[in-house]
Amino acid sequence: MKVLVVDDSKAMRMIVIRTLKSTELTITEIKEAEDGADALSVLAEYDAELVLCDWNMPNMNGIDFLKAMRANGDNRTFGFVTSESDAGMRQEANDAGASFLLNKPFTAESFTEAVGTLVS
Amino acid sequence: MPSLPPYRDMPGIIPVRGMLSDLLGREVSVRDALHLDLDRDDLFSAILPDDEDNLSALFVCDLPFVCNTGGALSIVPAATVAESIEAGEPSELLAENYYEVANIMTGLLNGPDWTHIRITEVVPGVPDEARALADVAIGKTTVEVTIPGYGDGTMTMFAEP
């Protein structure tokens, strides 16, 4: 599985990638982006099957990035990984087309549970 | 008579341990500790206002807490972390990493019944506005943590409803 990790914090991208690699999922390639705008550029040339994205980012935040993806007809699996969430955020994420929302810090187990049935 | 918001439940050692262990990828030990003396010269404050920018909560921690949690977050060599502690200030990387640690720890003080708080900055010392909050805060708890491979650190958490 090819994954794109989007977060304005390099440290958090490292944490997400570390957790990804500790799961039993077959991760073949991981690329990174530092905000939504950067991620759109990467996705234009990267056949990622899964996007993991922070919510709050400068330049273009996660929800706007997801909406831009869907507006472009890009229906790749998308999940938020964020430090906080409430019912409103989860609904907004769901309405925009996200498949899941995980709170930081997340574990290999919670990630596998969220993603396992979505991608091979 | 207007109703008051419910007081924010302060986290105990179990949720703090769980959060830090998951975040840092190692089993952290946490225990109750004496509150930090805010006159110390090796403290750092994470400023936590509500969505209207009213200061509502505060994390005050010592230099070892900043450096050891920051170091563990991205697996900085322990010797490098020790150098920062010895030098009396965190490196830029450790400071950035600690900001992320504190950012995630705000989750311990957020909940559906409480005013939402967020982190805006981490500053050295305890600024006057932060000191004013600390003096009257109803919610107050202090933890000492031990991070395997790095060392100990202490944090005092203050919160208003």
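These legends describe views of a predicted model, with the focus on chain B.

**View 1. The helices and strands of chain B.** Chain B holds 5 helices and 6 strands. Along the sequence, they follow the pattern α-β-β-β-α-α-α-β-α-β-β. The radius of gyration of chain B is 15 Å, close to the 15 Å that the globule rule gives for 161 residues, so chain B is as compact as a globular protein of that length. Along the principal axes, its C-alpha atoms fill a box of roughly 60 × 30 × 25 Å.

**View 2. The inside of chain B.** Of the 161 residues in chain B, 50% are buried. Here, buried means under 20% relative accessible area. Now take the contacts in chain B with a separation of 6 or more. Residues 24 or more positions apart account for 68% of them.

**View 3. The surface and charges of chain B.** The accessible surface of chain B is about 7,500 Å². Carbon and sulfur atoms hold 52% of that surface. Chain B carries 8 positive and 27 negative charges.

**View 4. Where chain B meets chain A.** Here 14 residues of chain B are in contact with 11 residues of chain A. Together the two chains bury about 1,100 Å² between them. Carbon and sulfur atoms make up 61% of this buried area. Look for Asp22(B), Glu100(B) and Ile104(B). These residues supply 39% of the area that chain B buries against chain A, more than any other three residues.

Definitions and conventions: Residues numbered from 1 in each chain as written. Chains lettered and ligands numbered in written order. Predicted model: local features only at pLDDT ≥ 70, side-chain atom pairs only at ≥ 80, totals over all residues. Heavy atoms only, no water. Helix = DSSP H or I, 4+ residues; strand = E, 2+ residues; numbered from the N terminus. Rg over C-alpha atoms; globule rule 2.2 N^0.38 Å. Buried < 20%, exposed > 50% of the residue type's maximum accessible area, 1.4 Å probe, protein only. Contact = heavy atoms within 4.5 Å. Areas by Shrake-Rupley, 256 points an atom, 1.4 Å probe, with all protein chains shown as cover. Lys, Arg positive; Asp, Glu negative; His and termini not counted. Charge placed at Lys NZ, Arg CZ, Asp CG, Glu CD. Buried area = accessible area lost by both parts, 1.4 Å probe.
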